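Work through the exercises below with the sequence and the 3D view open. Try each task before reading its solution.

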Amino acid sequence: MKILAIVGSPRRDRGLSERVAARLLAGASGAGAQTETLYLSDEQPEFCRGCGHSCFAELDCIQEPEATERSAAIEAADALVLCAPVYCWQPNGLTAALFDKVRLSTGPWRDASQHGKPALGVAVAGGTGSGVFTALQSIYAWFCLWKYRPLPPVPVTRFNLEAVLEDAGSLGRALVNAGRRPYGNTGELLTTYDALPALRYGRVDEFRWLARTIVQGFERRGQPDARVASLRKMLAEAEALAAAGDAVGAADKYAAAHLAGLEAW
Ligand SMILES: Cc1cc2nc3c(=O)[nH]c(=O)nc-3n(C[C@H](O)[C@H](O)[C@H](O)COP(=O)(O)O)c2cc1C
């Protein structure tokens, strides 16, 4: 079994995306998989010009032969890992350029032919952490378009990085053990993705998750001090506002808790 990891960081192997990808692949390799990494910084994919060529049918890019080769490399893998940095609450442009040009022989969502290969998406929001779920939603929309079988999305921030790195080996093994599971129909494809909890997150859910994750990160570091107590109090206030039906007040409090946590981190 061959697993391909795509690293979308322009910092190639010096960024957090690579750190997570390397741990995932180490786990996969330990479970018997053959692994390979595709660094988009080496590829410098061009943006799609919408030239009108029938690339979805022909599976080639007449503007950039390397794009056709990238599609072939992705098609040749039995499972996919995609690690993308979060820039401005989205997967970065290098990753988006890849997304636009990949063509698989099984076709996009509307074609009946299936491959059912497993895929795992990682979004690395190494700054404030915000945008990590919108980026994951974008990555998983692309997985859905190409009919991959999703493993649960992995949000990575400075606050949970160590925990993710610890779990990454077992996630890599899970990817190997997942195997191919083609979809029976489009309805099964769509509902499979909609059932992934993080794909339903809105902005407020994200700030609530971030504030909680910062608290957990402090606890993990063994620093449950006054700052953590204050963050917990803010979270409890936000939850009370939400329970009382004050959605705007709760959102404001979650965002404030996130900012206070960020400052303390
Ligand atoms: C233009 C730009 C925009 C960014 N936007 C965000 C953001 O929205 N949220 C965040 O948490 N971090 C943001 N970051 C920080 C990156 O997510 C962080 O540097 C991450 O570690 C990049 O991945 P890498 O280490 O694999 O290169 C941004 C960085 C750049 C350069």
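**Exercise 1.** Find which element supplies the largest share of the shell around the ligand in this predicted model.

*Solution.* Start with the elements that each give at least two residues to the shell: helix 1 (16-30), strand 3 (79-87) and strand 5 (118-125). The largest share, three residues, comes from strand 3. Next, look at distance: of the 18 residues around the ligand, Gly 15, Pro 85, Ala 125, Gly 126 and Gly 127 come nearest. Finally, sort the shell by class: eight residues are nonpolar, nine polar and one charged.

**Exercise 2.** Describe the largest nonpolar core and the contacts of Val 81.

*Solution.* The largest nonpolar core has 52 residues, and Val 81 is one of those that touch the most other members. Helix 6 (132-145) is among the elements that each supply at least two residues of this core. With nine residues, helix 6 gives the most. Now take Val 81: leaving out residues up to four places away in sequence, Val 81 touches Ile 3, Ala 5, Ile 6, Ala 21, Leu 24, Leu 120 and Leu 175.

**Exercise 3.** Decide which residues of helix 10 are buried and which are exposed.

*Solution.* Leu 231, Leu 235 and Ala 238 are buried in helix 10. They lie on the same side of helix 10 because they cover an arc of only 60° around the axis. An α-helix has 3.6 residues a turn, so residues three or four places apart point the same way. The cover over the buried residues includes helix 9 (203-220) and helix 11 (247-264). On the other side of helix 10, Ala 226, Ala 229, Lys 233, Ala 236 and Ala 243 are exposed.

Key: Residues are numbered from 1 along each chain as its sequence is written. This is a predicted model: local features need pLDDT of at least 70, side-chain atom pairs count only at pLDDT 80 or more; totals for chains, interfaces and linings use all residues. A residue is near a molecule or strand if its C-beta atom, placed from the backbone, lies within 6 Å of it. Helices (H or I, at least four residues) and strands (E, at least two) are DSSP runs, numbered from the N terminus. Ala, Val, Leu, Ile, Met, Phe, Trp, Tyr, Cys and Pro count as nonpolar, Asp, Glu, Lys and Arg as charged, and the others, Gly among them, as polar. A nonpolar core is a set of buried Ala, Val, Leu, Ile, Met, Phe, Trp, Tyr and Cys residues joined through C-beta atoms within 7 Å. A residue is buried if 20 or more other C-beta atoms lie within 10 Å of its own, exposed if 12 or fewer, and partly exposed in between; C-beta atoms are placed from the backbone. Two residues are in contact if their C-beta atoms, placed from the backbone, lie within 7 Å. The arc is that of the directions from the helix axis to the C-beta atoms.
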